[in-house]
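Here's a quick tour of a protein model, helix by helix. Take a look at the fold first, then read on.

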Amino acid sequence: MNAAAKVEKRLWLFGVLIAPNAMLSHGLVSGTLSLLLRQQGVGLARCASIVSLLTLPFVINFMWGPVTDFGMRRRNWIMVASVIAALLLVAAFYMPNLASPVAIALLFLSSCFGQLVLTSCGGMMGLLGSEKARRRAGSFYQGGSLAFGAMGIFVISMLVGRIGLHALGWVIALMVTLPSLAALAAPVQEKIIRESFSEEIRRIGQEFRRTFLRWEAVPYTLLLCSPLGTGAMIGLLTGLAKDYQVSPHQVAWMNGAASLVLTPIGAVLAGLLPVRMKSMVGFLATSAINAGTLVVLWLGPLRPATYFVSTMLFLFTIGACYAMYTSVALDFLGDSGKSGSARFSIINSIGNGPVTYMDWLDGRGYAAWGPRGLPATDAVLGLAASGAWLVYFLLRKKKVAAG
């Protein structure tokens with residue numbers, strides 16, 4: 001039985017294998033680090049700058065992600081990278097202040113090693129041969145990422161102020177390390193036959209050309225750069241809650257506990273979409289529905305009920321968007337081969353670009369038109385982009401059928 005067939009028997013594992021990265025990137029850096037910094041008396045502007053710096057590895061991980069294609073099997077990279085990331089994190093939490101240059105440097109390095117978990121998972125999913133297996137793997141992968149990220153936010157938020165910073169560092173480190181042991185249950189990746197250095201470079205060059213230097217790569221790249229299904233609103237909804245008369249306690253349960261259930265369910269259910277629906281079309285459809293949920297927030301009254309309904313619908317549908325995004329990324333990747341992790345890290349970096357610029361554009365919408373302007377900006381751009389792409393694919397389908 002080949003490696004692809006072995007992996008396809010344990011697709012659910014991808015929901016656990018991505019957990020170390022989710023705990024670091026979503027649970028700590030994007031989720032609760034600003035809370036921890038504020039507890040130490042750091043100003044909000046300084047907090048934003050630190051968080052922005054520590055999210056940089058999410059975008060530039062293609063610079064070191066390719067290392068997981070070499071040296072040892074990708075499942076081993078998951079465990080090694082998780083342990084190193086956890087130790088660096090503990091060292092940062094032993095610093096007198098998390099905003100100190102040394103602590104920031106340690107957290108930055110921890111985040112970099114956490115990204116190796118993501119690239120390793122991408123390379124392993126690239127071994128999957130069938131569209132159905134890739135879609136289901138992407139659903140479990142995104143569902144696990146969202147669930148563990150939300151769990152990290154909930155646990156860390158509950159422990160802040162109840163235990164010391166040193167102890168909290170060890171708790172987070174355990175949440176990063178323990179899920180990585182699931183890699184022991186992952187099928188052993190078959191090694192590619194050893195070749196000379198020149199032959200290996202030639203093989204990698206051929207794989208890069210097959211992925212990126214083809215006409216089909218153009219729509220994939222443009223689609224991943226488009227302002228749809230980004231989930232940028234996830235981090236902004238908590239700040240918008242006050243305008244809708246929602247208390248911090250309600251935010252904790254709605255944006256923390258509820259997202260722990262809603263987003264993974266949305267991601268897993270996306271994997272049940274029929275295979276005959278192409279991943280690109282599925283991504284566009286779920287993105288359009290996701291953007292539509294923000295219309296409730298945009299046009300509804302500035303009341304808690306409006307916030308609750310729109311947020312619940314948004315969290316559920318963004319889970320489906322993320323799952324379909326991963327399916328598109330894996331289609332773009334093609335066969336994993338020798339350089340699967342490297343190519344997946346590049347594709348993932350491209351897909352993270354819209355999150356950054358949509359955060360900025362949504363903020364400009366709030367500055368220009370107030371509370372309604374923020375969801376309106378995200379909804380209008382998302383619906384417009386989804387609609388334009390759907391028209392493109394329908395016209396292309398008619399042209400192919402006519403030809």
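How far apart are the end C-alpha atoms of H16, and what should its 30 residues span at 1.5 Å a residue?

## Helix H16 and what follows

The end C-alpha atoms of H16 sit 43 Å apart, which agrees with the 44 Å that its 30 residues should span at 1.5 Å a residue. The expected span here is 1.5 Å times one less than the number of residues in the helix. Helices are DSSP runs (H or I, at least four residues), while strands are E runs of at least two, and both are numbered from the N terminus.

A bit of housekeeping: this is a predicted model, so local features need pLDDT of at least 70, side-chain atom pairs count only at pLDDT 80 or more, and totals for chains, interfaces and linings use all residues. Residues are numbered from 1 along each chain as its sequence is written, and side-chain values use heavy atoms, with hydrogens and water left out.

Back to H16: 22 of its 30 residues are buried, so the helix is largely enclosed by the rest of the structure. Buried means under 20% relative accessible area, exposed means over 50%, and partly exposed is in between (1.4 Å probe, protein chains only).

## The nonpolar cores

A nonpolar core is a set of buried Ala, Val, Leu, Ile, Met, Phe, Trp, Tyr and Cys residues joined through side-chain atoms within 4.5 Å. The largest one has 67 residues, and Phe-14, Leu-17, Met-125, Tyr-141, Leu-223, Tyr-307 and Phe-344 touch the most other members. Helix H16 (residues 304-333) gives this core its largest share, 15 residues. There's also a second, separate core of 35 residues, which includes Leu-28, Val-29, Leu-107 and Ile-172.

Contact means heavy atoms within 4.5 Å.

## H3 against H10

The axes of helix H3 (residues 19-29) and helix H10 (residues 165-177) come within 7 Å and cross at roughly 140°. That makes H3 oblique to H10. Angles under 35 degrees count as roughly parallel, over 145 as roughly antiparallel, 65 to 115 as roughly perpendicular, and the rest as oblique. The axes are lines fitted to C-alpha atoms, for helices over the stretch in contact, and angles run from 0 to 180 degrees between N-to-C directions.

On the H3 side, the contact uses Pro-20, Met-23, Leu-24 and Leu-28, and H10 brings Ile-172, Met-175 and Val-176.

## Around Arg-343 and Phe-212

Arg-343 belongs to helix H17 (residues 340-369). At 1% relative accessibility, it counts as buried. Leaving aside neighbours within four places in sequence, Arg-343 is in contact with Glu-207, Phe-208, Thr-211, Phe-212, Leu-333, Asp-335, Ser-336 and Gly-337.

Phe-212 itself lies in helix H11 (residues 197-212) and, at 21% relative accessibility, counts as partly exposed. The C-alpha atoms of Phe-212 and Leu-333 are 8.6 Å apart, though 121 residues separate them along the chain.

Val-275 is in the loop between helix H14 (248-270) and H15. It counts as partly exposed, at 37% relative accessibility. Leaving aside neighbours within four places in sequence, Val-275 is in contact with Glu-131, Lys-132 and Arg-135.
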